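Open the model in your viewer and keep the sequence panel beside it. The stops below tell you what to select and what you will find there.

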Amino acid sequence: MSKENRTKKYRCRPCGFVYDPALGVPDYGIKPGTAFEDLPEDWVCPKCAATRWMFEEVKEDAK
């Protein structure tokens, strides 16, 4: 997996929670540095419990 894929952020469409792989979600056992693609299949949003397919990639603005 490319470094770019490991740094992509994903937003939960229902609640707006942003998964940032640099931060992970330590309170839920997800270590910093874990790419979204490497999250367990049964992982859900820690804020609203939406499934992974409810997340969309956060597009960074070109500078």
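Start with strand β1, residues 10-12, which pairs with β3 in the antiparallel sense over three bridges. Strands here are DSSP runs of E of at least two residues, helices are runs of H or I of at least four residues, and both are numbered from the N terminus. Two strands pair if DSSP finds at least two bridges between them. This is a predicted model, in which local features need pLDDT of at least 70 and side-chain atom pairs count only at pLDDT 80 or more, while totals for chains, interfaces and linings use all residues. Residues are numbered from 1 along each chain as its sequence is written, and side-chain values use heavy atoms, with hydrogens and water left out.

Select R11. Opposite R11 stands E56 in β3. Now show the whole sheet: three strands, open, in the order β2-β1-β3, with antiparallel pairing. β2 (18-19) and β3 (55-57) stand at the edges with a single partner strand each, so one side of each has no neighbour in the sheet.

Next, the cysteines. Zero disulfides (cysteine sulfur pairs within 2.5 Å) turn up in a search of the whole structure. Select C12 and C48: the sulfur of C12 has its closest cysteine sulfur in C48, 3.6 Å away, too far for a bond. C12 is buried at 0% relative accessibility, whereas C48 is partly exposed at 34%. Buried means under 20% relative accessible area, exposed over 50%, and partly exposed in between (1.4 Å probe, protein chains only).

Move to the loop between β2 and β3, where D20 lies. D20 is buried, at 17% relative accessible area. Its side chain reaches the backbone nitrogen of A22 at 2.9 Å. A49 sits in the loop between β2 and β3. Check its phi: about 70 degrees, positive although A49 is not a glycine. Most residues other than glycine have a negative phi.

Finish with the salt bridges (a Lys or Arg side-chain nitrogen within 4 Å of an Asp or Glu carboxyl oxygen). How many does a search of the whole structure find? There are four. Select K8 and E57, which meet at 3.8 Å, N to O. K8 is in the loop between α1 (3-7) and β1, and E57 is in strand β3, so the pair ties together parts 49 residues apart in sequence. K59 is exposed, at 64%. Shared partners join K8, E57 and K59 into one network.

Last, select E41 and R52, a salt bridge with closest N and O atoms 3.8 Å apart. E41 is exposed at 70%, but R52 is buried at 17%.

Notes: Polar contact = N/O pair within 3.5 Å; in protein donor to acceptor, adjacent residues only side chain to side chain.
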